[in-house]
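Colleague: I would like a close look at one side chain in this model, and then at the parts of the chain around it. Please give the cut-offs as you go.

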Amino acid sequence: MPPTSTGGRRYHYLDNLKLLLIVLVVVHHASQPYGPADWWYFEGDDQEPLLGTLSMVSGAFRMALFFLISAFLIPPAFDGKGGRRFVADRFKRFVPPILVGFFVLVPVLMYAYYLNFRDLPPMGFLDYYTGVYLGMGDEPAGWTGPIWPDRQFAHLWFLQHLLCYVLLYAAWRWIADRFRPAGRDARRAAPRSTPQAVGTGAIVAFTAVIALATFALRVFYPVDQWVPMLEFIQTEPADMAQYGFFFLAGVLAYRRGWLEAIPARAGYAWLAVALVLSGAHFAAGGRLDALYAMGGFNAGNLLWSTVETTICVGLSVGLLVVFREWADRPNRLLTALAPLTFTVYVLHVPLVVGLQYAMAAVPVGAPAKFAVVSVAATVASFAAGWLVRKTPYLRRLI
C-alpha cells in the first residue's frame with residue numbers, strides 16, 4: 001500500500017483515507033474479545049454489546065473500500081511497468097508476508113490459543129506445530145475448532161485476494177491487448193480528460209446489484225463461514241460480491257475519473273444515509289439484530305444484505321468525497337505515516353493479541369480494555385512498521 005500517486009497527480013486524500021482505514025482495522029481487531037460474537041485468538045470474559053455494533057458497522061465497509069483504493073492504483077502501475085514486471089512486483093510484495101504470516105506469526109497465535117482456551121492436554125510447540133497446526137497428526141477427541149487443522153492465514157486473506165484480483169486484471173489486459181485494433185497503443189489507456197459523471201441512479205443500481213449478489217451467496221454460505229478456495233486461499237464467500245464489485249469499481253474509477261466526478265452534495269447525502277442507518281443500530285442496542293439472518297433463503301438475509309450494502313456504499317462514497325474535499329493536501333506527519341500502511345496491516349494482529357493477553361488480569365471492564373488495546377496497538381503497530389522499513393532484511397520480507 002504505497003503512497004497513492006499516478007503520473008504527476010498525488011492523491012493525498014487517498015493516503016489519508018487509507019490511514020483511517022488501517023486504524024479502523026486495528027480497532028476492529030482490538031474489539032474482538034469484548035463484543036463481537038465471531039471467533040478470535042483471545043477470549044475475553046467481559047462483553048460490551050456496543051462493541052459488537054461498532055464491529056458490525058466498521059466491517060460493513062472497511063475492507064471493501066480498501067479493495068477499491070487498491071484497485072484504483074492498478075491500471076497506472078500496469079501501464080507504467082508492463083504486465084510481466086507488474087505481476088512480478090506484486091508477487092514480491094505480497095507472497096513473502098503471506099508466507100511469514102502462515103509459517104511464523106499465525107502458529108504462535110494459535111499455539112497460545114490452544115494452551116489457554118482449549119480443554120486439551122498441553123504439548124510442546126514443535127509437536128503442536130507439526131501435529132495440530134500443519135495437521136500431520138490425528139484430530140484430537142473433543143476438538144473445538146474453529147477448523148481442523150489449525151493452519152490459517154488470519155488477516156492476510158486480504159493479500160491473498162488482492163493478489164488473485166491482480167492476476168485476473170493482468171489476464172484481462174493480456175486478452176484485451178491481443179484483440180486491440182492495429183495501430184492503437186496497447187500499453188496505455190489513459191484516464192478520460194473529462195471525468196465521467198456519477199449519478200445517483202448509478203450508485204443506487206450499484207448498491208442493488210451488490211445487495212442481491214450478497215444475498216444469493218449467503219443463501220449457501222452464511223456470514224463467518226470460511227472455505228479454503230483452491231485449498232489455499234482463505235475465503236469468506238458471504239462477502240465476495242462486495243469485494244469483487246468494489247475492486248472492479250476501483251479499476252473503472254481510474255479510467256473514467258469517477259473519484260473526481262462524484263458531486264460533493266451526493267457524497268454528503270450518501271454519508272448521511274449511512275450514518276443514520278449506523279446510528280439506528282447503536283441506538284437500538286442490538287434489538288434490530290432480531291430482524292436479520294446471516295444466511296439462508298429468507299427475508300432476514302435479504303434485509304441484512306441490503307442494509308449492510310447500503311451502509312457500505314454510503315460510507316465509502318461519503319468518505320471518499322469528504323477526504324477529497326477536506327483532506328487532499330500534504331501533511332508532514334501523515335505523509336510520513338502513509339508508507340507504513342501495508343506493514344501495519346501485516347504486523348498488527350500479533351501486537352493486538354499480545355496486548356489483549358496483557359490486559360486479561362487488569363481489573364477493568366471491557367470498554368476500558370478495548371480503549372487501552374486500541375490505542376496501544378495502533379501506536380505499537382506504526383512503530384513496528386517504521387522499524388521494519390528501516391531494517392533492509394525485514395523490509396524485503398514484510
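Does leucine 162 count as buried or exposed, and at what relative accessibility?

Modeller: Leucine 162 counts as buried, at 6% relative accessibility (buried is under 20% relative accessible area, exposed over 50%, and partly exposed in between, with a 1.4 Å probe and protein chains only). The model is predicted, so local features need pLDDT of at least 70 and side-chain atom pairs pLDDT 80 or more, while totals for chains, interfaces and linings use all residues. Residues are numbered from 1 along each chain as its sequence is written, and side-chain values use heavy atoms, with hydrogens and water left out.

Leucine 162 sits in helix α6, which covers residues 157–178 (helices are DSSP runs of H or I with at least four residues, strands runs of E with at least two, numbered from the N terminus). Leaving aside residues up to four places away in sequence, leucine 162 touches Phe67, Ser70, Phe94 and Phe247 (contact means heavy atoms within 4.5 Å).

The loop between α5 (125–133) and α6 contains histidine 155. Histidine 155 is buried as well, with a relative accessible area of 7%. A polar atom of its side chain lies 3.0 Å from the backbone oxygen of valine 346. With residues up to four places away in sequence not counted, histidine 155 touches His29, Tyr345, Val346, His348 and Val349.

Alanine 154 counts as buried at 8% relative accessibility. Proline 146, in the loop between α5 and α6, is joined to glycine 145 by a cis bond with omega near 20 degrees. Proline 149 lies in that loop too, and its bond from tryptophan 148 is cis with omega about -10 degrees.

His29, touched by histidine 155, falls within helix α1 (residues 12–31). The axes of α1 and α14 (residues 366–389) come within 9 Å and cross at roughly 135 degrees (axes are lines fitted to C-alpha atoms, for helices over the stretch in contact, with angles from 0 to 180 degrees between N-to-C directions). The two helices are therefore oblique to each other (under 35 degrees is roughly parallel, over 145 roughly antiparallel, 65 to 115 roughly perpendicular, and the rest oblique). On the α1 side the contact is made by Leu19, Ile22, Val23, Val26, Val27, Ala30 and Ser31, and on the α14 side by Phe370, Val373, Ser374, Ala377, Thr378 and Phe382. By class this gives 10 nonpolar, 3 polar and no charged residues (Ala, Val, Leu, Ile, Met, Phe, Trp, Tyr, Cys and Pro are nonpolar, Asp, Glu, Lys and Arg charged, and the others, Gly among them, polar).

Two aspartates remain. Aspartate 239, in the loop between β4 (233–235) and α8 (240–256), is buried at 10% relative accessibility. Its side chain makes a polar contact of 2.8 Å with the side chain of arginine 218 (a pair of N or O atoms within 3.5 Å; within protein, one must be able to donate a hydrogen and the other to accept it, and residues adjacent in sequence count only if both atoms are side-chain atoms). Aspartate 224, in the loop between α7 (200–220) and β3 (227–229), is partly exposed at 43%. Its phi is near 75 degrees, a positive value in a residue other than glycine.
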